[in-house]
Amino acid sequence: MNFPILSSITFLPLIGAFFVFLTRSEINQTNKGAIYVSLFTSFVNFFLALFLWYSFDNKTSDFQFIEELTWISGFIKFKFGIDGISILFILLTAFIVPISVISCINSVKTRLKEFLIAILILETFMIGVFCSLDLVIFYLFFEAGLIPMFLIIGIWGGSRRVYSAFKFFLFTLLGSVLMLIAIISIYWITGTTDVVEIYKIKIPSEFQYLLWLAFFSSFAVKLPMWPVHTWLPDAHVEAPTAGSVILAAILLKMAGYGFLRFSVGMFPIASEYFIPFIFTLSVIAIIYTSLVALMQDDMKKLIAYSSVAHMGFVTLGIFAFNKQGIEGSIIQMFSHGLISAALFLCVGVLYDRTHSRLINYFGGVVHILPKYSFIFMIFVLAALGLPGTSGFVGEFLVLVGTFKVNFLAAILASLGVILSAIYMLWLYKRAVFGKLEKNELKGMKDLNKSEFGILFCLGALILFFGFYPDPLIDTISVSVDNLITNYNLDISQSVALK
Amino acid sequence: MIAIQYLIPELILSTSIFSLLIIGVFIKNSFNIIYRLSTFVIFLLILIIISDNNDSVKIFNKSFILDEFASFSKILILVSSFFVLLMSKKYILDIKNNKFEYPIIILLSILGMFFMVSANDLILFYLGLELQSLSLYILASIDRDNLKSSEAGIKYFVLSALSSGLLLYGCSLLYGFTGSTNFEVIANNTGDLKIGTIFAMIFILVGLAFKVAAVPFHMWTPDVYEGSPTSVTSFFSTVPKIAGIAVFIRFMYSPFYEIIDQWQFILVFISIASMILGAVAAIGQNNIKRLIAYSSIGHIGYAIAGIASGTENGFKSTLTYILIYAAMNIGIFAFVFLMKRKGKYVEEISELSGVSKNHPLTSLSLMIILFSLAGIPPLAGFFAKFYIFMAVVESGMYTLAIVGLVTTVVSAFYYIRIIKIMYFDDPKKPFESFKEYGIYSSLALSCIFLVSFFLYPSIFNGIISNINIF
């Protein structure tokens, strides 16, 4: 196929952003033109992504839809291509962006046009991350995402937005610069930055450990893993709803994707060496952040900490290195993308009406917002991994995979499931059930059409993939098999050498 | 003499300087016309140098070298001076500093830089350097009724004269120990290492480090930048830096290349110190010109890191760096020229509070420039740093690379602090609006350059990879 579909999906939002930029902005008028253009772009992109999924061949683990261009002559090629793992993330991105565009129409009051431009540019960078098969191009997109996100938090955020935006920016930048050195070193070791080539060449094992750590520093901050997760609650609390949605649903997944594609793919020997390290951090993340989440007063903070715990499952699954573990962690990322987006939207619904996110401020919401309470319950149950929701599939597979390799880690991680049930249900109880005592809450209106529409879509997908995860597993299965085979091959070779 | 034909740009420059002086003396209120004519001369020279298809030649007893490296630096010097002149005219008229000598002195300093970057001989190099420096002293104190400007001029003169003295002493030592002033002969004679050669190298290094304002010889920079009129600061922070770095490269790669073991670690130290100081000291600054001064110290640190790698990729990455640095600098000063309230130019960073509300487009441009200065992809500033670190890692200097990247993060803090002030804080009164197309076009061109660089970086790579200095 000659049509450059990956570049189209990647750069279409950028073109859309340019047209949004051209629309006239009136100060007191709702900016219809900008809204229509950005909705149109993001939906076209979503359909393009669906078409991509449809024409994707899930029988082969090779990279498909490859596009290559000379970019810096004799040095770096602009190379795009996807396999079963990346296509899911592209789908997720293309699905989440229109949702956040719709959600921000109601909730963003100032500078809507600029907000839409930032989101569309961010979409380009995010999809670029998942498409790129060259380390430098990957780094370019990975880092570039900082700019729009920094502005989204800083301009449209809450009261402590400046602190959060700076923390977000500097934490992630510090993590990634080490990755840049690693990428440059890889170029001088192997003579290329093309990922597919590097898979074939295989980096000598003595270099792998340091390089792995450099990549780890970047992904661990972005994911985020336990000791460096502190930027995430701040960023989430202060970011506007649409920003939180994108942050939780997609930006965090870039790191999980990075672990799969780069850390595991390029440095198998180091990955094996660091398994205990990752397991320790993941288990600490799951238990510690669940406990922290339990004690939060702020709903967004609670969900943010629960994200850290859920991401702990992801790393656990990836570094279990068996089919269940890796498939589980990919599905966990996908479903967490949907669930956390939905939860943040739900908090956003309350926040738009009352300008409060404190759990104790609410109570008895069910009496006035029945529709809302019902939908919110679905997401709460999905977040704690109730069977029948997509959250269950991911967590279950991860735990199965972990049980095979490390009994203790699996037991401790299962504790996290119980803890997540406690904090999510307690949140729901305090916010939604009980008596409606506060007068200022009584005037709240139930979900309007657009809110209901987006939450319904998310809920339906979560339930659908909970009962029938086959479409997802079919897509990733061959690629994951290939990843594991390559990994085992490398490990056995290195053992044989010793 | 046949060699004259190679000197056409320099000849045109010097004749036009003298004819402009004569015009200036005979016509009253000749600032405008002389300003236009000087800009035109610069433009003409750009065309002439670009159209020259130069194969490397050495003339005047091999003391003057014309190669791609020299032409590249000259074009860069001319283009940046062109933009500096283009955007600073309104400012000069506003502060009533419209002396007709101003553009002529700039031309004179450019002439000095031409000889600097083309020098293949210690004497010619020193003459060029002094012509440049003397013009710069006058420029720094051009606003002579202003206390700060005179102070800046004197400060710059005293310190710079000292460094010139050291440099001259180094040159004489070098002549004494190698028996020649010609770079090639020196290069051949430094092989059998004498202690005097090392002394000479260090003295020359100190002088050069002073001219480009690298730590620990940077002390003059913030005061001079702040004290001089902004039009002069914009020139100072761009053009002499290009020439200085070009000469730096020439010295390290031509006469001193044989003793690379001796200078490499000195440069690594200078580079690390400049990067750290540039990153840390700028954090507390409230005056935008002082901030730019410290940030330029940091940037020079990165540029020197490329030279320190001692490889071909190293100096090429430095050239790319200085090219992109010049573009960013022009952009940021174009914005500084717009900061005018109630008839007065303001320089405090806090004055930028909330400008994005009143001036969306110009603030967007400044934001792009600041992100680029911070080295965030996909803007050009990232590529500048990327090439530098490619070269640095190639020669195995991981410490330098790691320090460099960590200081990138630290310096990102003060760049995004400005963005924070512009975008997150409450708006003040708008700046005065004026139709000055020179400023706006410089700002726009700089932004377009920075944003579109990632589309096809090969263009500049192609030009720079042809440059050979050995």
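**Helix packing, a hairpin and cysteines in a predicted model**

In chain B, helix α13(B) meets helix α14(B) (contact means heavy atoms within 4.5 Å). I288(B), I292(B), S296(B), H299(B), I300(B), Y302(B), A303(B), G306(B) and I307(B) of α13(B) touch G314(B), F315(B), S317(B), T318(B), Y321(B), I322(B), Y325(B), M328(B), N329(B), I332(B), F333(B) and V336(B) of α14(B). These contact residues comprise 14 nonpolar, seven polar and no charged. The model is predicted: local features need pLDDT of at least 70, side-chain atom pairs count only at pLDDT 80 or more, and totals for chains, interfaces and linings use all residues. Residues are numbered from 1 along each chain, chains are lettered from A, and side-chain values use heavy atoms.

Helix α13(B) spans residues 288–308 and α14(B) residues 312–336. They pack at an angle of about 170°, with axes 8 Å apart. The pair is therefore roughly antiparallel (angles over 145 degrees).

In chain A, strands β1(A) (residues 64–72) and β2(A) pair in the antiparallel sense over six bridges (pairing needs at least two DSSP bridges). L69(A) stands opposite F78(A). Three residues lie between the strands of this hairpin, where G74(A) takes a positive phi near 70°. Strand β2(A) covers residues 76–82, and six of its seven residues are buried (under 20% relative accessible area).

The structure holds zero disulfides over all chains (a disulfide is a pair of cysteine sulfur atoms within 2.5 Å). The sulfur of C346(A) lies 13 Å from its closest cysteine sulfur, in C457(A), so the two are too far for a bond. C346(A) is buried, at 0% relative accessible area. C457(A) is partly exposed, at 39% (between 20% and 50%).

Key
Buried < 20%, exposed > 50% of the residue type's maximum accessible area, 1.4 Å probe, protein only. Axes fitted to C-alpha atoms, helices over the stretch in contact; angles between N-to-C directions. Helix = DSSP H or I, 4+ residues; strand = E, 2+ residues; numbered from the N terminus. Parallel < 35°, antiparallel > 145°, perpendicular 65-115°, else oblique. Nonpolar A, V, L, I, M, F, W, Y, C, P; charged D, E, K, R; others polar.
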